Amino acid sequence: MGVKPLTPRIRRRRLNSDSKWGLLMVTPYIIHFIVFVLGSLLASLYFSFSHYDILNAPQWAGLANYKKLFQEPVFWKAMWNTVYFTILFVPLQTVLALILATALNQRLRGLKFFRLAHFVPVISSWTVILYVSDAIFNPRFGMANSFLLKIGLEPQKWLQDERLVIPLLVMIAVWKGIGYIMVIFLAGLQNVPSDVYEAAEIDGAGVFRKFMHITVPLISGTTFLVLILSTISTFQAFEQIYVMTGGALDASSAGGPNKSSLVLMIFLYQEGFTFLRMGYASAIAWVLFVILFILTALQVTLQKKWVHYE
Amino acid sequence: MKLNRFRKSVGYAVIIFSSLIMILPFLTTLFNSLKTYAQYTAFPPKWIPRPIQWSNYLEVWKLGAFEQYTINSVIVTVLSVCGALISCSMVAFAFARLRFPFKNTLFMIVLGTMMIPPVVLIIPQFVIFKSLYMLDTLTPLWIIEWLAQPFGIFLMRQAFLMIPKDYEESAKLDGCNPFQIYWKIFLPMCKPTFATLAVFTFMTKWNEILSPAIFLTSKENFTLPIGILSMAGQWSGNEQYMVAAALMSLIPILLVFLFAEKYFVQGTNSSGIK
């Protein structure tokens, strides 16, 4: 028997022990991935091609769910509502948050207080926000109607008005989320070297030109990220609409008057968990998934056109 | 110089105006929670409550349901925070410091799954918890946090990568195994990142509505955000109690924010950075 060299054996032993510990320590994520991601994705895909009411085993149905979905006017209405919400919300919040962050970035005093003020809505649950916005937009005794009457305008039904509900929900969502986006922008702005501004100032650039020609291009990486993240999360918006249009009391009523604020997630929730049409709801989920995938891919492609990295 | 001062005043004007828009509705709500029903529903509304009805806050506790919802929320939040801290840091340590088969593939998977919208996973999750007889219990709300969510893994891994190699090498010479190195050396060195993850998990779980709305059916199991809404029937004609209840549910998270503002901001930025 030949004597094996000592070092490789020791190294192999250590590697094995490392591997053993490594695999042991990532076990929680492996379980997570197998059960709650991979398994769930496959199951969801399978459900979307079957009739499934939770109580009985799923029945293979081919494309039936998808066919029904695309012929359903409510689905198209939910789709439009979702798109409408996103189109109003994402640009509005991004622009306003950027303006606020720019204002805050001038080494103002009281930064901590301002940040706190803008974070109170961020850390509030939608239930809290419901009562806060009710103080203003209650159709019977809210501040907003009192104000409208004072300046000689008609009182409004606000969230119960088919035309107003989405713009109003968007406004409230911007109000709630702006502090969060503002802080992300603030971090981006603090990475912009100040000598760029100084150079521009020597060249005689005004506030507006500096903003448009320096700030906006130099933080376009952050802007891009904010746009992607908020588009994706807005497409999956559920909590606000569920809470503010009465879903918590009666899930079938969520979505506002005449389904005017019924977004895809509320539609999915009602079909799946109120009517127990799990297969159908899974089909909605996959349509949403495909849309989100396309959106992300589109944004990544467009990114190359307008994001300037240093 | 002059221009600079002008710019600063514009900055202050913008930010003070915006802060007022943020705070005034909350102040109005606070005043609403201290009104009698007659004052609460008066039109045109009076801003300042008269008389100041402090008892509204006591009434909220009298039904007992609010107390139950608070307990449920505390259980879910505390168990979630513990779970996220333990599981994410452990997995992150392995990714940052150990060599094991399929490590890179697995880490790509972690990053990839961050992009999967939760929507597609909800229904199978419901089916899984149903087959485990966990529906209508608090378990689904926190147990998932014990399985290392990608955001937490990513956050903790970044922190562990910053620690110099010397520490673990000397520990190895002293005969520590990887778990001991993780537990005794890396964990104590990463307290700020821990705080960030804890604060973020706390906020998410304390405010969460979708999962409780899906997994819970009995009122006594509700957490605060949906529990308060479910009390509407019991309090019709006394809606000012609901306002008081909602504001009370805000207190814990507000306190966490006041004490850990720095970590909120860190978490916000790292979730923006990917």
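**Contacts and surface in a two-chain model**

Residues are numbered from 1 along each chain as its sequence is written. This is a predicted model.

Q: How much area do chain A and chain B bury between them?
A: The contact takes 91 residues from chain A and 95 residues from chain B. Of the buried area, 78% is on carbon and sulfur atoms. The two chains bury about 8400 Å² between them.

Q: Which residues form the salt bridge across the interface of chain A and chain B?
A: The rule finds one salt bridge across this interface.

Q: Which helix gives the most to the side of chain A that touches chain B?
A: The interface also has 16 residue pairs in polar contact, both residues at pLDDT 80 or more. On the side of chain A, 22 residues come from one helix, residues 6-48. That helix is H1.

Q: Is A:Ser230 buried or exposed?
A: A:Ser230 lies in helix H10 (residues 220-235) of chain A. Not counting residues up to four places away in sequence, A:Ser230 touches A:Phe89, A:Val90 and A:Gln93. Its relative accessible area is 6%, and buried means under 20%. So A:Ser230 is buried.

Key:
Chains lettered and ligands numbered in written order. Predicted model: local features only at pLDDT ≥ 70, side-chain atom pairs only at ≥ 80, totals over all residues. Heavy atoms only, no water. Helix = DSSP H or I, 4+ residues; strand = E, 2+ residues; numbered from the N terminus. Buried < 20%, exposed > 50% of the residue type's maximum accessible area, 1.4 Å probe, protein only. Contact = heavy atoms within 4.5 Å. Buried area = accessible area lost by both parts, 1.4 Å probe. Salt bridge = Lys/Arg side-chain N within 4 Å of Asp/Glu carboxyl O. Polar contact = N/O pair within 3.5 Å; in protein donor to acceptor, adjacent residues only side chain to side chain.
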